[in-house]
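This report covers the fold, the strand pairing and the side-chain links of one protein. Please view the structure alongside the text.

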Amino acid sequence: MKSEDTPFEGGPMDGRVLPVLVGPTGNPPKTYRIPVPDPAGGPPTVLVYRREPRGHSRRLGLPRGWKYTFDPEGRRGTGPRWPWSRPAPRKADEGKPGDTGG
């Protein structure tokens, strides 16, 4: 399998470059999850990094490579957003407009 050296920005992996396996299209995965074991023996902490373009070419604006940026919230990938799919769930602390709370 082919791999590509990909830099990581932010979080505990800041400044490191790791070889990441690329898919059949030549792109690394959109999210990269790193399980970190708990020293006390509890459940591992999972660090989530999101793929972003490293730069763009001048003429066509194509990505010139990829980098991973730390996602502190660690939310799951939403997948494709189709016109007929439901809207993304709102946070619990945000009320709906006109909601009186009772």
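Read along the sequence, this predicted model follows the pattern β-β-β-β-β. It has 0 helices and 5 strands. Helices (H or I, at least four residues) and strands (E, at least two) are DSSP runs, numbered from the N terminus. Residues are numbered from 1 along each chain as its sequence is written. Because the model is predicted, local features need pLDDT of at least 70 and side-chain atom pairs count only at pLDDT 80 or more, while totals for chains, interfaces and linings use all residues; side-chain values use heavy atoms, with hydrogens and water left out.

**Strand pairing**

Two strands pair if DSSP finds at least two bridges between them. Strand β3 (residues 31–36) pairs with strand β4 (residues 45–53) in the antiparallel sense, over 6 bridges. Here Pro-35 has Val-46 in β4 as its bridge partner. Strand β4 also pairs with strand β5 (residues 66–70), again antiparallel, over 5 bridges. The bridge partner of Pro-53 in β5 is Trp-66.

**Surface and contacts**

Of the 102 residues, 17% count as buried. Buried means under 20% relative accessible area, exposed over 50%, and partly exposed in between (1.4 Å probe, protein chains only). The protein exposes about 8400 Å², and carbon and sulfur atoms supply 55% of it. These areas come from the Shrake-Rupley method with a 1.4 Å probe; for residues, only the protein chains shown count as cover. A contact means heavy atoms within 4.5 Å. Among contacts between residues at least 6 apart in sequence, 30% join residues at least 24 apart.

**Charged pairs**

A salt bridge is a side-chain nitrogen of Lys or Arg within 4 Å of a carboxyl oxygen of Asp or Glu. The count comes to 2 salt bridges.

| Salt bridge | Closest N and O atoms |
|---|---|
| Lys-67 and Glu-9 | 3.4 Å |
| Asp-71 and Arg-50 | 3.1 Å |

Asp-71 sits in the segment after β5 and Arg-50 in strand β4, 21 residues apart. Both Asp-71 and Arg-50 are buried.

What surrounds Lys-67? Lys-67 touches Thr-6, Pro-7, Glu-9, Arg-50, Arg-51, Glu-52, Pro-53 and Arg-54, not counting residues up to four places away in sequence. Lys-67 is found in strand β5. Its relative accessible area is 17%, so it counts as buried. Glu-9, at 34% relative accessibility, is partly exposed.

**Aromatic rings**

Rings of Phe, Tyr and Trp (its six-membered ring) pair if their centres lie within 6.5 Å; planes under 30 degrees apart count as stacked, over 60 as edge-to-face and the rest as tilted. The whole structure holds 6 aromatic pairs. One of them joins Phe-8 and Tyr-49: the ring centres are 5.1 Å apart and the planes lie at 85 degrees, so the pair is edge-to-face. Phe-8 is in strand β1 and Tyr-49 in strand β4, 41 residues apart. Both Phe-8 and Tyr-49 are buried.

Tyr-32 and Tyr-68 form a tilted pair, 5.5 Å centre to centre with 40 degrees between the planes. Tyr-32 lies in strand β3 and Tyr-68 in strand β5, so this pair ties together parts 36 residues apart in sequence. Tyr-68 is buried, with a relative accessible area of 0%. Tyr-32 is partly exposed at 23%. Ring pairs link Phe-8, Tyr-32, Tyr-49, Tyr-68 and Phe-70 into a cluster.
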